[in-house]
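Visitor: Could you take me through a few features here, giving the general idea before each case?

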Amino acid sequence: MGGPRGAGWVAAGLLLGAGACYCIYKLTRGRRRGDRELGMRPSKSAEDLTDGSYDDVLNAAQLQKLLYLLESTEDPVIIERALITLGNNAAFSINQAIIRELGGIPIVGNKINHSNQSIKEKALNALNNLSVNVENQIKIKIYINQVCEDVFSGPLNSAVQLAGLRLLTNMTVTNDHQHMLHSYITDLFQVLLTGNGNTKVQVLKLLLNLSENPAMTEGLLRAQVDSSFLSLYDSHVAKEILLRVLTLFQNINNCLKIEGHLAVQPTFTEGSLFFLLHGEECAQKIKALVDHHDAEVKEKVLTIIPKI
């Protein structure tokens, strides 16, 4: 006999942003309980809420239990499970606000300093989902420097690095907190050039956010970037990377042309991104892409060439 499902499906309609992947499986599992069975279900303990068998979106009281458990336990298994459950529930806009109001952001944020790398990753994932809410970003921004340090000092292509990059990308969708990454721009390009395909794409998403903001243009152009960066404009580069480096070039050029911006031309040193993007080699590589086999790449190139 079909039980009431309204609360779960209304909440599912509020699903937002990068954290969606954590919730879809649990929300789409069948829940065939009768009205009487639902009414008789005993209250779940905090640990029960983390055991993977609890299908419902948590309410405020359950979230409070979970946050207390996360704050009070030292068991790494329970901490990790609690962070996963919180991260899943933080993908819903209603719970993003509730978790903030319950004081949950610093409880989760403190776990990014945990020595256990899996716990650190789950904490970053939870903060990533919470950061979709603009009010939450005001509280999450205090962790930006720590996240940057972890991203650039930790193992390349690791789960923690990718989780940190995703969080930084969400935190830079608007211009409000982008200035906090000024001193890390050169590091971003280093990770871009040395990381694997997934890491490259995530770094480029972050750089594209920065490149749309004229206030970040000078900082981007001053960054010291290895000349191997230009190899990303080669025709054999994966489309998801190639389109993004072309858009990066386009965004920076557009910002430079904004009336009054950089009216006094700063001095850029050799080896800077400015010299790479405005050199003859870069221009030739972009022009050569006009014959690219992919129509989307070709279209992007045709919009850029007149501005070179």
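Visitor: Is D51 buried, partly exposed or exposed?

Guide: This is a predicted model, in which local features need pLDDT of at least 70, side-chain atom pairs count only at pLDDT 80 or more, and totals for chains, interfaces and linings use all residues. Residues are numbered from 1 along each chain as its sequence is written, and side-chain values use heavy atoms, with hydrogens and water left out. Buried means under 20% relative accessible area, exposed over 50%, and partly exposed in between (1.4 Å probe, protein chains only). With a relative accessible area of 39%, D51 is partly exposed, and D51 sits in the loop between helix 3 (35-40) and helix 4 (60-72), helices being DSSP runs of H or I of at least four residues, numbered from the N terminus.

Visitor: How many aromatic pairs does the structure hold?

Guide: Rings of Phe, Tyr and Trp (its six-membered ring) pair if their centres lie within 6.5 Å, and planes under 30 degrees apart count as stacked, over 60 as edge-to-face and the rest as tilted. The structure holds five such pairs, among them the stacked pair of F152 and Y184, at 5.8 Å centre to centre with 20° between the planes. Because F152 lies in helix 10 (residues 144-153) and Y184 in the loop between helix 11 (159-171) and helix 12 (185-194), this pair ties together parts that are 32 residues apart in sequence. F152 is partly exposed at 22% relative accessibility, whereas Y184 is buried at 9%.

Visitor: Which residues form one aromatic cluster?

Guide: The cluster is formed by F189, F229 and Y233. F189 is buried, with a relative accessible area of 1%, and F229 is buried, at 0%.

Note on methods:
Helix = DSSP H or I, 4+ residues; strand = E, 2+ residues; numbered from the N terminus.
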